[in-house]
Amino acid sequence: LKPVKFKFPKYLLVTRLHMSRKPPAPLDHSREIVVDPRDIRSQTTSWPCFGKHVSSNPKSNGYGQWRTCEICGVRLSYVPRAGYQGKSAAQACHKTVELAMKQLRQDLEPCGRFPTMDLVETMIQIITDESKIVATESTLKRLKSHVDTLKQTYADQMKSDTQAPKGSSTSPTDVWRFLSEQEKSKLMEIAMERHKEEELMKSDPELELVPASAGNKTE
């Protein structure tokens, strides 16, 4: 016998789905945000709307509701829902928007055409991604220059280490730290004896020095 798989009726699944969703918070019209005057598309002297916008149907999500111009894509209003500040509403950089509208005007105005909201959004994304490419290339250029400098430093260090005499990396001061007091005293005595011998040789070059360890010998 084959096992029978039980399936929930579709109406039960739909009912559970709708029950799991919470109704959105009401819109707070007292905090409505109008078009940003810093956006070049809001100006009455700006192509293509020149201040006469065509409002789209309102769109909404769990945070608020907004309307945009169907031609230039500028956001005409934004109404946050109760409990939300509405400060995180997505908006393109004003400089990016200005560059995008300038490029669209160069492409469309000679043909007597006007942009659409989707066309404006696409051009804004192009300008945004191109600026990211330029920033990335600049970063890579700086990194390459830094790596080249490190390689040159490494080559100079290798050349310096090759030409240096053996044992030059350890100074007498470093060795002196590891000697005992008795060994230090012995070395000081040897150094003083050599200094006396050098002084005697300077005063009488023909003087023959006999080491103290030789003792008195008779012929």
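Trainee: So which residues have the most contacts inside the largest nonpolar core?
Mentor: Cys72, Met101 and Leu104 do, in a core of 15 residues. Keep in mind that this is a predicted model.

Trainee: And which elements give two or more residues to this core?
Mentor: That would be helix 2, residues 94–108, and helix 3, residues 117–163. Helix 2 gives the most, with five residues.

Trainee: Why would residues like that group together?
Mentor: In soluble globular proteins, nonpolar side chains tend to be buried together.

Trainee: Back to Leu104. What is Leu104 in contact with, leaving aside neighbours within four places in sequence?
Mentor: Trp47, Glu109, Leu119, Val120 and Met123.

Trainee: How many bridges link strand 1 and strand 4?
Mentor: Two, and the pairing is antiparallel, with strand 4 covering residues 75–80. For example, Val34 has Ser77 in strand 4 as its bridge partner.

Trainee: Last one, Ser56. Where is Ser56 found?
Mentor: In the loop between strand 1 and strand 2.

Trainee: Is Ser56 buried or exposed there?
Mentor: Buried, because its relative accessible area is 9%, and the cut-off for buried is under 20%. Leaving aside neighbours within four places in sequence, Ser56 is in contact with Arg67, Thr68 and Glu70.

Notes:
Residues numbered from 1 in each chain as written. Predicted model: local features only at pLDDT ≥ 70, side-chain atom pairs only at ≥ 80, totals over all residues. Heavy atoms only, no water. Pairing = 2+ DSSP bridges. Helix = DSSP H or I, 4+ residues; strand = E, 2+ residues; numbered from the N terminus. Core = buried A, V, L, I, M, F, W, Y, C linked by side-chain atoms within 4.5 Å. Buried < 20%, exposed > 50% of the residue type's maximum accessible area, 1.4 Å probe, protein only. Contact = heavy atoms within 4.5 Å.
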